Amino acid sequence: MNCLPISFYRRPTVVVARDLVGKKLVRTIKKGHTFKLAGTIVETEAYGYTDDEASHARMGRTARNLVMFGEVGRAYVYFAYGNHFCVNVSARSDRVQAGAVLIRGLEPVEGIEMMKKLRRVDDIISLTTGPGKLTQALSITSALNGTDMTKQESELHIEFGIKPACILRTPRIGISRAIESQWRFIDPSSKFVSRKIQINAL
DNA sequence: CGCTCGATATTCT
DNA sequence: GAATATCGAGCGA
C-alpha cells in the first residue's frame with residue numbers, strides 16, 4: 001500500500017499542508033483502459049475553521065464545505081468563480097471541527113500527454129501550476145467530492161513521495177482576509193510553483 | 001511583460 | 001447586490 005494512512009491527516013491542518021509537499025497526487029481513470037495521471041505536490045495551503053477568516057468553513061457548515069467537517073483524508077472539491085474546480089484534502093487534529101489543505105501546484109510525473117489533451121495546452125509549465133489548472137489536467141470535478149484519498153483503489157488518492165530538501169513557508173495567495181497567516185508551503189526548487197513568493201501589501 | 005475584464009456557482013450581507 | 005481559495009483572452013507598452 002503506497003497511500004498515506006488516515007493518521008497522516010489527523011494532525012494540525014498546517015502541519016499536514018507542510019508535509020504534503022513532495023507527496024504524489026494520483027488520478028486513475030477507468031475508461032476501457034485504465035489511465036494513470038500523477039504529479040508531485042509542490043504547493044499547498046492550509047484552511048481552518050472559525051479561527052481562519054479566509055476559510056470556507058469560517059461561518060460553519062454549508063452544503064458545499066461539508067467534507068471539511070467530515071472524516072479526514074477525503075477530497076474536498078469545489079467550484080470556484082463559476083469557472084474552475086479546486087481540490088483539497090480534509091485534515092485536522094481531533095480538537096478542531098473543520099480543516100482542509102488546498103493543492104495549488106503539481107509537478108507532472110505520469111500521463112503528461114493525456115494532461116495536455118485535457119488542458120488543451122502543450123506547455124508543460126502551464127499544465128498544473130495553479131489550483132484550477134491541475135484539476136483540469138487530472139480531470140477532477142465535483143463528482144470526486146468526498147473521495148477517500150487514503151485508498152489505493154480510489155480514483156483519486158495520495159501516495160508517498162520523496163521529501164524535498166527544503167520547504168518554504170509564505171502567506172497564502174488569492175485571498176484578502178487573514179493575509180498575515182503563513183499557511184502556504186512550497187518546494188522552492190520546483191519550476192511548478194505558481195508564484196515563488198507572496199508580495200506583502202503595504 | 002503587466003493590467004483589466006468576463007465567466008458565473010456558492011455564499012454572505 | 002457583492003465577494004470569492006481562478007484562469008485566460010485581449011490590450012497596451
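**Notes on the predicted model**

1. In chain A, 58% of the contacts (heavy atoms within 4.5 Å) between residues at least 6 apart in sequence join residues at least 24 apart. This is a predicted model, in which local features need pLDDT of at least 70 and side-chain atom pairs count only at pLDDT 80 or more, while totals for chains, interfaces and linings use all residues. Residues are numbered from 1 along each chain as its sequence is written, chains are lettered from A and ligands numbered from 1 in the order in which they are written, and side-chain values use heavy atoms, with hydrogens and water left out.

2. Chain A contains 6 helices and 8 strands, taken as DSSP runs numbered from the N terminus (helices H or I, at least four residues; strands E, at least two). Their order from the N terminus is α-α-β-β-α-β-β-β-α-α-α-β-β-β.

3. Along the principal axes, the C-alpha atoms occupy a box of roughly 45 × 35 × 35 Å.

4. Of the 202 residues in chain A, 51% are buried, that is, under 20% relative accessible area (1.4 Å probe, protein chains only).

5. DNA strand C has 20 residues around it (a heavy atom within 4 Å), and Asn88, Arg119, Gly132, Gly174 and Ser176 come nearest. Of the atoms of DNA strand C within 4 Å of the protein, 56% belong to sugar and phosphate.

6. Which part of DNA strand C lies 2.5 Å from a polar side-chain atom of Asn88? That part is a base nitrogen.

7. Around DNA strand B are Met59, Thr62, Ala63, Arg64, Phe79, Tyr81, Gly82 and Asn83. Sugar and phosphate make up 64% of the atoms of DNA strand B that come within 4 Å of the protein.

8. A side-chain N or O atom of Thr62 is 3.1 Å from a phosphate oxygen of DNA strand B, and a polar backbone atom of Arg64 is 2.8 Å from a phosphate oxygen. For Tyr81, a polar backbone atom lies 3.2 Å from a base oxygen of DNA strand B.

How values were computed:
A polar contact is a pair of N or O atoms within 3.5 Å; within protein, one must be able to donate a hydrogen and the other to accept it, and residues adjacent in sequence count only if both atoms are side-chain atoms. Buried means under 20% relative accessible area, exposed over 50%, partly exposed in between (1.4 Å probe, protein chains only).
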